[in-house]
Amino acid sequence: AEEHSATKAAALAAAAEAAATQLASSQAEVQKLKEERAAQAEALKAAAAQELAAAKAVINSLMAEAALSSQALAALEAATARLKQERDDVLKHAQKRFEEQASAV
């Protein structure tokens with residue numbers, strides 16, 4: 001009976017050791033997977049940050065273009081107003097000269 005108990009104890013010890021080895025192996029695998037997932041998350045985070053930076057650069061570029069377009073439009077409107085004023089001045093001057101010539105005749 002003692003021999004049977006010793007064999008049984010040895011078998012239980014071997015099973016416990018195998019279970020402990022399996023547990024350690026499983027824990028190592030879980031840790032490895034956690035590290036891989038963390039690395040993937042960091043890579044995705046870095047890629048997202050890069051895409052965000054690129055999007056911001058495009059937005060800033062578009063805003064700069066819009067500001068330049070707005071400035072160009074304002075300059076064009078100012079030039080148009082000046083040309084209209086010059087045209088009106090020329091027409092007034094021509095009208096005045098016409099009236100002076102008409103009254104001289």
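Trainee: What is the relative accessible area of arginine 87?
Mentor: The model is predicted. Buried requires under 20% and exposed over 50%, with partly exposed in between. Arginine 87 counts as partly exposed, because its relative accessible area is 47%.

Trainee: Which residue does arginine 87 meet in a salt bridge?
Mentor: A search of the whole structure finds one salt bridge. The N to O distance between the two side chains is 3.3 Å, and the criterion is within 4 Å, so the pair qualifies. The partner of arginine 87 is aspartate 88.

Trainee: Is aspartate 88 buried, exposed or partly exposed?
Mentor: The limits are under 20% for buried and over 50% for exposed. Aspartate 88 has a relative accessible area of 30%, so the class is partly exposed.

Trainee: What radius of gyration does the chain have, against that of a compact globule of 105 residues?
Mentor: Along its principal axes, the C-alpha trace spans about 150 × 15 × 5 Å. A compact globule of 105 residues would be near 13 Å in radius of gyration, whereas the chain has 45 Å.

Trainee: What percentage of the residues of the chain count as buried?
Mentor: The accessible surface comes to about 9,200 Å², and carbon and sulfur atoms hold 63% of that area. A residue must fall under 20% relative accessible area to be called buried. Of the 105 residues, the share that counts as buried is 0%.

Trainee: How far apart are the C-alpha atoms of alanine 57 and glutamine 85?
Mentor: Alanine 57 lies in helix α1 and is partly exposed, because its relative accessible area is 44%. Glutamine 85 is 28 residues from alanine 57 along the chain, and their C-alpha atoms are separated by 42 Å.

Trainee: And how far apart in space are alanine 67 and lysine 96?
Mentor: Alanine 67 has its place in helix α1, and at 38% relative accessibility it counts as partly exposed. Between alanine 67 and lysine 96 there are 29 residues in sequence, and C-alpha to C-alpha the separation is 43 Å.

Trainee: Is leucine 91 buried or exposed?
Mentor: Leucine 91 is placed in helix α1, and its C-alpha is 22 Å from that of leucine 76, 15 residues away in sequence. The limit for the class is over 50%. With a relative accessible area of 51%, leucine 91 is therefore exposed.

Trainee: How far apart are the mean positions of the positive and negative charges?
Mentor: The chain has 12 positive and 15 negative charges. The distance between their mean positions is 11 Å.

How values were computed. Residues are numbered from 1 along each chain as its sequence is written. This is a predicted model: local features need pLDDT of at least 70, side-chain atom pairs count only at pLDDT 80 or more; totals for chains, interfaces and linings use all residues. Side-chain values use heavy atoms; hydrogens and water are left out. The radius of gyration is taken over C-alpha atoms; the globule rule is 2.2 Å times the number of residues to the power 0.38. Buried means under 20% relative accessible area, exposed over 50%, partly exposed in between (1.4 Å probe, protein chains only). Accessible areas come from the Shrake-Rupley method with a 1.4 Å probe; for residues, only the protein chains shown count as cover. Lys and Arg count as positive and Asp and Glu as negative; His and the chain ends are not counted. The place of a charge is taken as NZ of Lys, CZ of Arg, CG of Asp or CD of Glu. Helices (H or I, at least four residues) and strands (E, at least two) are DSSP runs, numbered from the N terminus.
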